[in-house]
Structures are given as structure tokens and as C-alpha cells.
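Subject: Structure for your review

Dear colleague,

Please find the structure below. I would ask you to keep it open while you read the notes that follow.

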Amino acid sequence: HFIEGHLRQALDAQEFVLHYQPLVNLQSGRITGAEALLRWNSADRGLVFPPDFITVAEDSGLIVPIGRWVLLEACTQGRRWLHAGLPPVSIAVNISAVEFRRRDFLEGVRSIIEGTGFDPGFLQLEITESALMQDAKAGAAILRELKKLGVQIALDDFGTGYSSLSYLKQFPIDILKIDKSFVQDIDGGNDDGIIVSAVIAMGNSLKKRVVAEGIENAAQLGFLHGLSCEEGQGYLFSRPVTSDALAHLLANGL
Ligand code: G
Ligand code: G
Ligand code: MN
Ligand code: NA
């Protein structure tokens, strides 16, 4: 693929950058965390978003060094914010199925935690349902090892894959992130509202944190509030912003 070579150069030229989207406690309105989202600041193309390059990165294997850079950068940034005296928040990092399945994935996570000194209790690794279910048994084993490192595990895009409820009970998953496709039409009087309501109730009773993604308006927020959903993220609160802008939000609130 033509863009593969460009991605390799981008890594060398340090053209990748992380933006951060706040996670918000829906009761207090306080920022509890931030999701790191990768962008490619290309000299030729301007700011390029993941849908335009993640698949190529996965198919070429470049997602491995790119993912390692993302994790290192996110943990380094997390330390910087703490040193700057900002209130501690968790940082979520998206992990591709390709990275997750690699034998050296765990070792990479371990060495980045050690190298940066970032508190693993504040690191959330976001794994999609489909990545986990490709091989549920192996996936469960990797999650158990990750838990020994002290990191938090979030199941991303929840509801779009097909994990059985029994897996949810067995797997050491800390957080369910309800996919934004369900939140979008939550107030439309259709099944999405019922599904979201069921997921929140189930998450709460399994003692998992539930995060609603893609909250764009007050009506959606009101609906989620009524269902005792604790956390959310979405354009209503903030779009993904630069690290400097996120630091400003941490210091001053939303
Ligand atoms: O804002 P947004 O366009 O960033 O993200 C689109 C998609 O790209 C999402 O599904 C998100 O999970 C994925 N994504 C964003 N950043 C990363 C990253 O650092 N690594 C991986 N593997 N996926 C990412
Ligand atoms: O797949 P994942 O959940 O990691 O993807 C996060 C994606 O959702 C990113 O592309 C991010 O920019 C996007 N996103 C975040 N908040 C909103 C929102 O309120 N509405 C929409 N449409 N997308 C959002
Ligand atoms: Mn995510
Ligand atoms: Na999602």
C-alpha cells in the first residue's frame, strides 16, 4: 500500500501526536480521565485521523511500533501533568487486536510502566470486544497478566461485538464503554435506550464502571443521568483536544 512507507517515515519524523478527550463524572461534571487518540500530523496531508491509516498500520505490522509510541507518549504525558501539579486523572489508550495478540505485548506494557514511572492504576487499556473474542481463552490469559501489572482494563465499543455475558463475569474487565452508536439515538424512544439501560444495570451489578461514549447533547446526558450512568465522554463536554488544551481543562474544569 502506498501509505505504508509514509507511515514508517511519519514514525521516524515524529509526526504522530496524541489528542485527549476528557472522561467526565456525570454527577459532578468533574474530569476523571482522558482518552488518548492518535493523529498523524503529516507535512503533506495535514492532520490525518485513525480511520485513514490504522488498517494499513495493522496490516503492515507498523501498528506495533506505533502502538508502543502511543503508550510511551501517553504515560510520559501523564507523568508530566502530575509533576505540573494537575489533579491526577486516568489515561485511556486504545490497543489494537494486532498488538494485543503479540507475545511481546505484555513485556512492552511492563517496560513502559517501569520506564516512565506512571502509576499503572491510572492507566486504562481499551480493548475491543472483537479483539478479545478472537480467542477468548488466550485473551482471558493476557488480561489476567495485565491485571497483575496493576492496569485497568476497559472493553471498548461494547455492544457492537458479541461477547457472551458469562465472559463478562469471568474476564477481569474493570470498565464497559458503551459504544456511541447506542448513545446517539438513546432518546429516540427506540430499542437503543432499552439496550443502554440494560447494559448500565448489568455493569453496575457486576461492579464494573460504565462509561457512555459519544454524548453529544443534553437530552442524551439527561437520559444517562436517569439511569445512574456514572461516567461519559462526548462532544457535549469536549472534543479530543491537544495535550496543552487538556492540561488547561484539568486546571480549570470544563
Ligand atoms: O477520534 P478518532 O477518529 O480518533 O478515532 C477513531 C478510531 O481510531 C477509534 O476507533 C479509536 O479507537 C481508534 N484509535 C484512536 N487512537 C488509536 C490508537 O492510538 N491506537 C489504536 N489502535 N486505535 C486508535
Ligand atoms: O472506538 P473508540 O471508542 O476508541 O473511538 C472514539 C472515537 O469517537 C474517536 O473517533 C472520537 O473522536 C469519537 N468521538 C468522541 N466523542 C464523540 C461524540 O460525541 N460524537 C461522535 N460522533 N464521535 C465522538
Ligand atoms: Mn476507545
Ligand atoms: Na467506542
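Ligand 1 is surrounded by Leu37, Leu38, Phe49, Pro50, Pro51, Ile54, Gly67, Val70, Asn94, Ser96 and Pro240; a residue counts as near a molecule if its C-beta atom, placed from the backbone, lies within 6 Å of it. This is a predicted model, in which local features need pLDDT of at least 70, side-chain atom pairs count only at pLDDT 80 or more, and totals for chains, interfaces and linings use all residues. Residues are numbered from 1 along each chain as its sequence is written, while chains are lettered from A and ligands numbered from 1 in the order in which they are written.

By class, the shell around ligand 1 has eight nonpolar, three polar and no charged residues. Here Ala, Val, Leu, Ile, Met, Phe, Trp, Tyr, Cys and Pro count as nonpolar, Asp, Glu, Lys and Arg as charged, and the others, Gly among them, as polar. Strand 2 (31-42) and helix 3 (63-83) each supply at least two residues of this shell. Helices (H or I, at least four residues) and strands (E, at least two) are DSSP runs, numbered from the N terminus.

Around ligand 2 there are 14 residues, and the closest are Asn94, Gly214, Glu216, Gly234 and Tyr235. The shell of ligand 2 divides into four nonpolar, five polar and five charged residues.

I next turn to helix 7. With 13 residues (136-148), helix 7 reaches 19 Å from its first C-alpha to its last, close to the 18 Å expected at 1.5 Å a residue; the expected span is 1.5 Å times one less than the number of residues. Its buried residues are Gly139, Leu143 and Leu146. Seen down the helix axis, these fall within an arc of 60°, so they line one face of helix 7; the arc is that of the directions from the axis to the C-beta atoms. The face turned away from the buried side carries the exposed residues Lys137, Ala138, Ala141, Arg144 and Lys148. A residue is buried if 20 or more other C-beta atoms lie within 10 Å of its own, exposed if 12 or fewer, and partly exposed in between, with C-beta atoms placed from the backbone. Just after helix 7, Gly150 takes a positive phi of about 95°.

As for the whole chain, there are 12 helices and nine strands. Buried residues make up 37% of its 254 residues. The C-alpha trace spans about 50 × 45 × 35 Å along its principal axes.

Yours sincerely
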